[in-house]
Structures are given as C-alpha cells and as structure tokens.
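This report looks at charged side chains and how they pair. It is written for a reader who has not seen the structure before.

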Amino acid sequence: MNIKVISVGKIKENYINQGINEFVKRLQRHVNLEIIEVKDERISGNLSSSEMNQVKEEEADKILDKIDNRSYTIALDPQGKPMTSEGLAKSISNLQVQGYSSIEFIIGGALGLHQKIRDTADYVLSFSHMTFTHQMIRLILLEQVYRAFKIMKNEPYHL
C-alpha cells in the first residue's frame with residue numbers, strides 16, 4: 001500500500017518533527033510512505049474573507065498539482081465526517097479490496113482547505129471538531145494510519 005500525505009507548509013516545531021519521524025519509521029514496515037510539502041502562502045494579520053479565500057485557493061492549486069487521480073483521496077477538515085480508529089482501519093482495508101493501492105491524505109494550511117479540495121476529495125475526514133495546527137494534524141494523522149495498520153494485522157498497539 002502506498003500512502004501519500006500532501007500538506008501545506010513545513011513542520012517548524014522540533015518536538016512535532018520528532019513524533020513524525022517516529023511514526024514514519026514505524027510505518028515503513030507497513031506502507032510506502034511519501035510526505036509532500038507544498039509552500040504555504042504568506043498571511044498578514046488582518047485578511048478579509050475574500051483575501052482568505054484567495055490564499056486557500058492558491059494553496060489548493062498547489063495541492064491539486066500533487067494529487068494522483070488514480071489514488072483515493074482523503075481531505076482532512078474539521079467539517080468532515082468523523083471516524084474511529086477501527087473505522088479508519090476498516091476503510092483502508094476496504095479500499096485495498098476495491099483495488100486501490102494508493103491513498104492520499106490532504107492537510108490544508110493555517111486557514112484550512114479551499115472548497116475545491118473538499119469537492120475533489122473522495123472522502124472528507126474530521127479528526128475532531130476542534131481546530132489543530134496543520135503541523136500537529138500531520139503527527140496525529142501518521143499515528144492514526146500506523147494504528148490502523150496495527151488493527152488490520154490484529155497486532156496490539158502500545159506506545
């Protein structure tokens with residue numbers, strides 16, 4: 001299985017990078033993992049809603065350039081549908097049975113995802129109605145994907 005994470009912006013916090021690196025290492029036994037970072041747009045402190053939409057659209061265009069149309073795409077958004085860890089494991093397993101060999105997860109920037117990303121995605125997933133930084137959500141995503149593969153293999157999961 002190929003897993004691609006397309007994310008806006010770089011990870012700036014060392015402690016988050018350490019966690020991400022740990023789950024990248026753990027996932028290597030289960031999947032071919034690729035993390036693609038697209039450059040985030042500069043945001044001034046006081047944007048109008050049309051300026052925010054413009055920033056999200058420019059980031060969306062960069063994301064869309066990286067999407068492989070043969071992959072199953074899952075956009076992460078607080079307005080998406082919630083799923084349990086077991087549900088994610090079952091979804092990944094079902095996608096494999098359906099013939100998908102690649103899943104792409106999309107993480108937006110500081111302002112979130114543009115509507116055209118939500119419209120393009122095969123599924124819009126919410127980890128929480130709470131808002132997390134795009135840096136933190138990458139760590140949470142990788143942990144949940146790792147957990148899903150442990151669940152699929154009926155292996156215990158302990159940190």
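The text below covers the salt bridges and then one histidine.

The model is predicted: local features need pLDDT of at least 70, side-chain atom pairs count only at pLDDT 80 or more, and totals for chains, interfaces and linings use all residues. Residues are numbered from 1 along each chain as its sequence is written, and side-chain values use heavy atoms, with hydrogens and water left out.

**Salt bridges**

How many salt bridges does a search of the whole structure find? The search finds 12, where a salt bridge is a side-chain nitrogen of Lys or Arg within 4 Å of a carboxyl oxygen of Asp or Glu.

| Pair | N to O distance |
|---|---|
| Lys10 and Glu37 | 3.5 Å |
| Lys25 and Glu22 | 3.5 Å |
| Arg70 and Asp68 | 3.0 Å |

The side chains of Lys10 and Glu37 meet in a salt bridge. This pair links distant parts of the chain, 27 residues apart. Lys10 sits in the loop between strand 1 (2-8) and helix 1 (14-27), while Glu37 belongs to strand 2 (residues 32-38). Helices (H or I, at least four residues) and strands (E, at least two) are DSSP runs, numbered from the N terminus. Lys10 is exposed, at 55% relative accessible area, and Glu37 is partly exposed, at 34%. Here buried means under 20% relative accessible area, exposed means over 50%, and partly exposed lies in between (1.4 Å probe, protein chains only). A network of salt bridges links Lys10, Glu37 and Arg138.

Lys25 and Glu22 are both in helix 1, 3 residues apart, which means that about one helical turn separates them. Lys25 is partly exposed, with a relative accessibility of 49%. Glu22 is also partly exposed, with a value of 29%.

In the pair of Arg70 and Asp68, the side chains meet in a salt bridge. Arg70 counts as exposed, at 70% relative accessibility, whereas Asp68 counts as partly exposed, at 25%.

**His114**

Where does His114 lie? His114 is in the loop between strand 4 (102-107) and helix 4 (115-120). Is His114 buried or exposed? With a relative accessible area of 11%, His114 is buried. Leaving out residues up to four places away in sequence, His114 touches Asn53, Lys56, Glu57 and Ala60. A contact means heavy atoms within 4.5 Å.
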